[in-house]
Amino acid sequence: MTDTTAAAPATETLSRLEQEGEIAADYLEGLLDIADLDGDIDMDVEADRASVSVIAEDATRDLQRLVGRDGEVLEALQELTRLAVLRETGERSRLMLDIAGFRARKRERLTELAREAVTEVRESGEPKRMEPMTPFERKVVHDAVAAAGLRSESEGEEPQRRVVVLP
């Protein structure tokens, strides 16, 4: 007799996250139709959360408007999309939304900033306080610091919450 009980929760989680992605994709397709914008929707599951991206073959200004200044519109759309998932499933979603590669580019820049902070902390032996960041930005930095073998923590209150890289 084989033990399949360990695989069942993982399969259920993957299925739930895929369902979240499908609900989000339907919601976003409706939004794109209403706004008369072109874009393809790509769904994935990354790090135990649904990930949905709106992409276009050519970097169109229309999709950039959905990102907004410093990602403000993107953040609002992500929350609306999470609410659409909540309405359908009855469960809070941690879904991540990216539009026109904005978050992917930002993740790369933040990872590089984290590497620089790690180098500075290793050389100085002193903690490094970074600029205030959004929760998404802090998560990327915390992950990069941990991957480099150091610890980090967040301090302060929103919107001035920041990452401190520790020696």
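Confidence comes first: the protein chain averages a pLDDT of 91, and 95% of the residues score at least 70. Here pLDDT is the predictor's confidence in each residue, on a scale from 0 to 100. This is a predicted model, so local features need pLDDT of at least 70 and side-chain atom pairs count only at pLDDT 80 or more, while totals for chains, interfaces and linings use all residues. Residues are numbered from 1 along each chain as its sequence is written, and side-chain values use heavy atoms, with hydrogens and water left out. Confidence is lowest in helix 2 (residues 61–67), with a mean of 86, and highest in strand 6 (residues 162–166), at 98. Helices (H or I, at least four residues) and strands (E, at least two) are DSSP runs, numbered from the N terminus.

Next come the charged side chains. The structure holds twelve salt bridges, a salt bridge being a side-chain nitrogen of Lys or Arg within 4 Å of a carboxyl oxygen of Asp or Glu. One of them links Arg 16 to Glu 20, at 3.1 Å from N to O. These two residues sit four apart in helix 1 (residues 7–35), so about one helical turn separates them. Arg 16 is partly exposed at 32% relative accessible area, whereas Glu 20 is buried at 3%.

Another salt bridge pairs Glu 137 with Lys 106, and their closest N and O atoms are 2.7 Å apart. Glu 137 belongs to helix 5 (residues 135–147) and Lys 106 to helix 4 (residues 102–124), so the pair ties together parts that are 31 residues apart in sequence. Glu 137 is buried, with 11% relative accessibility, and Lys 106 is buried too, with 14%. In a further salt bridge, Lys 128 meets Glu 120 at 3.8 Å, N to O. Lys 128 is partly exposed at 25%, and Glu 120 is partly exposed at 39%.

The charged end of Arg 103 sits over the ring of Phe 136, 4.7 Å from its centre. To count, NZ of Lys or CZ of Arg must be within 6 Å of the ring centre and within 35 degrees of the ring normal.

Leu 83 is found in helix 3 (residues 72–89) and is partly exposed, at 45% relative accessibility.

Most residues other than glycine have a negative phi, and most peptide bonds are trans. Asp 70, however, has a positive phi of about 55° although it is not a glycine. Asp 70 is in the loop between helix 2 and helix 3 and is exposed, at 59%. Ala 100 also has a positive phi of about 55°. Ala 100 lies in the loop between strand 3 (96–99) and helix 4, partly exposed at 21%. Finally, a cis peptide bond, with omega about 0°, joins Glu 158 and Pro 159.

Methods. Buried < 20%, exposed > 50% of the residue type's maximum accessible area, 1.4 Å probe, protein only.
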